[in-house]
Amino acid sequence: ETVREPLTSLADRGYEFLLWLRDRPEKDVVVVSHFGWLFTLMNAVVECDDPKLKLGWLTCEMRSFCMRYEDGDAPDAKRPRGAAP
């Protein structure tokens, strides 16, 4: 029997991924992933200014956006924000 990962767990993994990505030395990064993970990332993890980025993804669709990190409530927390370039 296959058990799906709970959405909260998927969102937590997405958040941890973005923290890892934030600390990378590269300025430009390409991320390739599955629709469900990207959809969850843009709708449950990132504060997104562009409603188009929150929509479903088509097969082989490519989107470009800029990510910035802002201070959250915790002293060392950073909240990712996505916006179309």
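This is a predicted model: local features need pLDDT of at least 70, side-chain atom pairs count only at pLDDT 80 or more; totals for chains, interfaces and linings use all residues.
**Cysteines**

Select C60. Its relative accessibility is 79%, so C60 counts as exposed, the cut-off being over 50%. Now go to C66. With a relative accessible area of 45%, C66 is partly exposed.

**Whole chain**

Zoom out and colour by secondary structure. The protein has two helices and three strands. Follow the chain along the sequence and the order reads α-α-β-β-β. The average for the protein is 81, and 82% of the residues score at least 70. Select α1: among the elements, α1 has the highest mean pLDDT, 89. Then select residues 78-83, strand β3. Here the mean pLDDT is the lowest of the elements, at 53.

Next, colour by accessibility. Of the 85 residues in the protein, 26% are buried.

**The nonpolar core**

Which residues touch the most other members of the largest nonpolar core? Select L18, W37, L41, M42, V45 and V46 and show their side chains; these are the ones, in a core of 13 residues. Two elements, α1 and α2, each give two or more residues to this core. The largest share is from α2, which supplies five residues. As background, nonpolar side chains in soluble globular proteins tend to be buried together.

**The loop between the helices**

Move to V30. This residue sits in the loop that links α1 (7-22) to α2 (35-45). Is V30 buried or exposed? V30 counts as exposed because its relative accessibility is 73%, and exposed means over 50%. The separation from V30 is 9.0 Å, although V30 and S64 are 34 residues apart along the chain.

**A buried aspartate**

Last stop: D50. Find D50 in the loop between β1 (47-48) and β2 (66-71). D50 is buried, yet has no salt bridge. Which side chain of opposite charge is nearest to D50? That is K52, 5.9 Å away. Keep K52 selected and turn to its backbone. The backbone nitrogen of K52 is 2.9 Å from a polar atom of the D50 side chain.

Technical notes: Residues are numbered from 1 along each chain as its sequence is written. Side-chain values use heavy atoms; hydrogens and water are left out. Helices (H or I, at least four residues) and strands (E, at least two) are DSSP runs, numbered from the N terminus. Buried means under 20% relative accessible area, exposed over 50%, partly exposed in between (1.4 Å probe, protein chains only). A nonpolar core is a set of buried Ala, Val, Leu, Ile, Met, Phe, Trp, Tyr and Cys residues joined through side-chain atoms within 4.5 Å. Lys and Arg count as positive and Asp and Glu as negative; His and the chain ends are not counted. A salt bridge is a side-chain nitrogen of Lys or Arg within 4 Å of a carboxyl oxygen of Asp or Glu. A polar contact is a pair of N or O atoms within 3.5 Å; within protein, one must be able to donate a hydrogen and the other to accept it, and residues adjacent in sequence count only if both atoms are side-chain atoms. pLDDT is the predictor's confidence in each residue, from 0 to 100.
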